[in-house]
Amino acid sequence: MLAGSVRAQPVVSLNDTSPTLDVSTASSAWVDPDGQAGIDQLAGGRPGAAFVPAGDRAVYSLGPNAALWLHYRLSKASDSRQDWLLEFPIPLLDLVTVYQRTPSGGWTSKTAGDTVAVSTWPEPGRYGRFRLNLPDSGVHDVYVRIQHQTEISIPVRVSTQSSLAQRLQLEYLAIGAVFGALVLLIIACAVQSWIYRDRAYGWYAVYATIMALVVAAWTGLAGHILWGNFSTWNNMAQGCLAILGGGSALLVVHHLCGPGPRYKWFERFAYRTGVAGVPLALVYLFLERGSGVRLIGVYLIAVVLLGISRAYMTWRRQDIVGFWVMAAFTPLGLVTLFTVTSIFGLYSVSWLSQYGLMVALTLEVPLLLIALNTRSHERHAVEAREQAMSSQDALTGLLAAHLFHDRFKQVVGRAQRHQEPAAVVYIELVNYRYIKKTWGTAVAEQSLLRSVIKLRRILRDVNTVGRIDEARFGLILEGVASRSPVTELAARLIAAGLMPLKGLKPEVVLQFHVAGVLLSERLGSHEQISTALGDLLHSMASRTRRPIRFLEPESTHPMPLDTESALDSLSSGPQAPQVLPPPAAAHAPPHLRAVKSHSNR
């Protein structure tokens with residue numbers, strides 16, 4: 001009966017007109033529960049090896065010991081000039097061995113899979129490929145032995161060498177484009193993090209690196225290029241990197257969404273779930289394969305649900321970042337769930353389960369970068385406003401008092417060392433307290449803003465202006481050596497303050513008093529000059545007719561009497577007798593001594 005079933009198995013005809021054939025259902029299959037059967041026993045008709053036709057999209061659960069045997073009968077057309085290869089286009093396959101007849105009637109075997117080094121494969125690549133020995137147009141038996149510890153459906157193809165080479169070029173072109181974009185993104189984020197000193201871009205570069213490694217592992221590219229000689233890590237890399245990628249994705253979502261006013265417990269739970277990715281990835285390395293796959297499935301499902309929920313909650317509170325995170329994370333979450341179902345054997349392996357992750361990442365990474373840029377700009381704007389509050393007055397936007405006095409001190413220092421001309425002016429809104437008491441704080445603050453606007457209109461951009469008190473402004477005019485420019489500016493300001501705005505309710509006029517000093521006329525420390533200007537403003541009456549005043553120049557000190565006598569003796573010559581001043585001269589009035597000193601000079 002076994003021989004009859006084998007003879008009834010259909011023969012797959014290989015013709016150059018059909019360069020690629022899906023032979024997943026063209027074989028007969030048998031599961032060896034102990035995994036002890038050999039090729040000689042099966043070819044010789046081992047009792048109990050009941051081969052049956054392989055089902056369409058069949059899912060096999062082999063476990064750690066069982067082995068799946070597939071039997072193919074292949075016949076190459078007489079006019080075929082191509083070399084044919086048997087493919088297993090699934091990078092996650094643990095071990096596959098292909099047996100073919102030798103000319104002497106024996107059997108030869110070749111092995112590939114994650115549990116052996118890629119460099120030892122007969123055709124190194126992303127997945128197992130085996131060259132078929134078809135010397136003539138007769139019927140040839142090919143046996144395949146497969147071991148895989150978890151549930152899996154196994155696609156099998158037969159292709160000509162030329163068609164396979166062309167398809168591989170297209171596959172590597174697509175994968176290379178995706179990886180090139182990811183590498184450019186990683187470099188750009190790293191550079192941006194270094195330039196702007198923003199750690200968020202650095203962590204995003206780390207996340208993009210992890211996701212690039214995840215795609216490389218799941219597509220078989222990493223096993224082919226990066227760690228082809230490390231079979232143990234090649235077998236564990238997919239699961240370990242999948243857990244790390246899921247945890248890092250959840251942490252990125254947590255960082256972008258930020259804290260919300262509600263559901264604090266949910267945010268803490270999502271954050272801790274993301275952090276748990278690192279220890280769970282280490283635990284996976286020591287678990288039995290079946291338990292490890294279940295761990296991956298449960299963790300990734302939790303990551304998808306928590307990530308989408310956090311993005312939706314952020315979007316609900318009218319945050320545009322939540323929309324971008326939702327748009328980026330939803331396709332990745334759906335593909336992840338689809339991949340998990342294929343890992344559990346609930347769905348057969350398809351193109352979407354193999355390359356859907358790469359497509360989803362192509363959409364997810366740029367969209368998350370948009371969300372990161374939006375959040376980063378918001379944070380930088382807040383930091384800029386915070387820095388401005390320390391250097392500028394919050395209401396008027398003028399320099400803060402401490403910065404104005406620093407510049408005041410610098411100008412006084414230059415005037416003392418290099419005689420650089422400059423003028424310092426204090427301006428006070430005299431009726432500010434009356435406005436605040438009569439019409440309230442809002443109108444008083446509006447009056448201050450109007451004062452600043454009028455100041456800006458009459459000053460140049462290079463002039464230094466600061467708010468040094470509640471209703472007092474300071475002005476530094478460098479390069480001014482006379483009082484005329486200061487008087488002109490002050491007069492224009494006073495006139496502008498007396499003209500209320502058209503349609504302003506209430507009609508509030510602004511009354512200014514101006515006190516100024518020329519540093520070429522009066523020198524001293526900036527504290528002394530500032531105190532003198534403040535005293536001058538306080539000395540003005542509210543209804544004064546002289547609202548513009550200057551500090552008087554420093555008066556000339558009288559010369560000592562002994563110096564006067566020496567000068568008189570020098571002016572009279574060596575022959576003139578020395579005339580001493582009478583004792584009463586020492587008690588003369590100061591103004592007479594000053595007149596005498598001036599006449600002598």
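In this predicted model, the side chain of Thr-336 reaches the backbone oxygen of Leu-332 at 2.6 Å. Thr-336 belongs to helix α10, which spans residues 320-343. The chain as a whole contains 18 helices and 16 strands, and buried residues make up 46% of its 601 residues.

**Surroundings of Thr-336**

- Thr-336 counts as buried because its relative accessibility is 13%, and the cut-off for a buried residue is under 20%.
- When neighbours within four places in sequence are left aside, Thr-336 is in contact with Leu-300 and Val-304.

**The chain as a whole**

- Among contacts in the chain with a separation of 6 or more, 74% are accounted for by residues 24 or more positions apart.

**Nonpolar cores**

- In soluble globular proteins, nonpolar side chains tend to be buried together.
- The largest nonpolar core of this chain has 64 residues. The residues with the most contacts inside this core are Tyr-204, Tyr-207, Leu-256, Val-325 and Leu-368.
- Helix α4 (residues 199-218) provides the largest share of this core, namely 13 residues.
- Apart from this core lies another, of 33 residues, which includes Tyr-60, Leu-62, Ala-66 and Val-158.
- Not counting residues up to four places away in sequence, Tyr-204 touches Leu-185, Cys-189, Val-252, Glu-364, Val-365, Leu-368, Leu-369 and Leu-372.

- Four strands form an open sheet in the order β2-β11-β6-β9, and their pairing is antiparallel.
- Strands β2 (20-22) and β9 (128-131) are the edges of the sheet, each pairing on one side only.
- On average, neighbouring strands of this sheet are turned by 20° against each other, direction ignored.
- Helix α3 (residues 161-196) packs on the sheet and touches β2, β6 (84-88), β9 and β11. The direction of helix α3 makes about 100° with that of β11.
- Strands β2 and β11 (residues 157-160) run antiparallel and are joined by three bridges. Within this pairing, Thr-20 has Ser-159 of β11 as its bridge partner.

**Strand β3 and its partners**

- Strand β3 (residues 28-32) is largely enclosed by the rest of the structure, because four of its five residues are buried.
- Strand β4 (residues 52-53) runs antiparallel to β3, and two bridges join the pair. In this pairing, Ala-29 stands opposite Val-52 of β4.
- Strand β5 (residues 67-76) also pairs with β3 in the antiparallel sense, over five bridges. Here the bridge partner of Trp-30 is Trp-69 in β5.

**Pro-135 in a loop**

- The loop between β9 and β10 (139-147) contains Pro-135.
- Pro-135 counts as exposed because its relative accessible area is 71%, and the cut-off for an exposed residue is over 50%.
- Pro-135 and Pro-103 are 32 residues apart along the chain, and their C-alpha atoms are separated by 9.2 Å.

Methods:
Residues are numbered from 1 along each chain as its sequence is written. This is a predicted model: local features need pLDDT of at least 70, side-chain atom pairs count only at pLDDT 80 or more; totals for chains, interfaces and linings use all residues. Side-chain values use heavy atoms; hydrogens and water are left out. Two strands pair if DSSP finds at least two bridges between them. Axes are lines fitted to C-alpha atoms, for helices over the stretch in contact, and angles run from 0 to 180 degrees between N-to-C directions. Contact means heavy atoms within 4.5 Å. Buried means under 20% relative accessible area, exposed over 50%, partly exposed in between (1.4 Å probe, protein chains only). A nonpolar core is a set of buried Ala, Val, Leu, Ile, Met, Phe, Trp, Tyr and Cys residues joined through side-chain atoms within 4.5 Å. A polar contact is a pair of N or O atoms within 3.5 Å; within protein, one must be able to donate a hydrogen and the other to accept it, and residues adjacent in sequence count only if both atoms are side-chain atoms.
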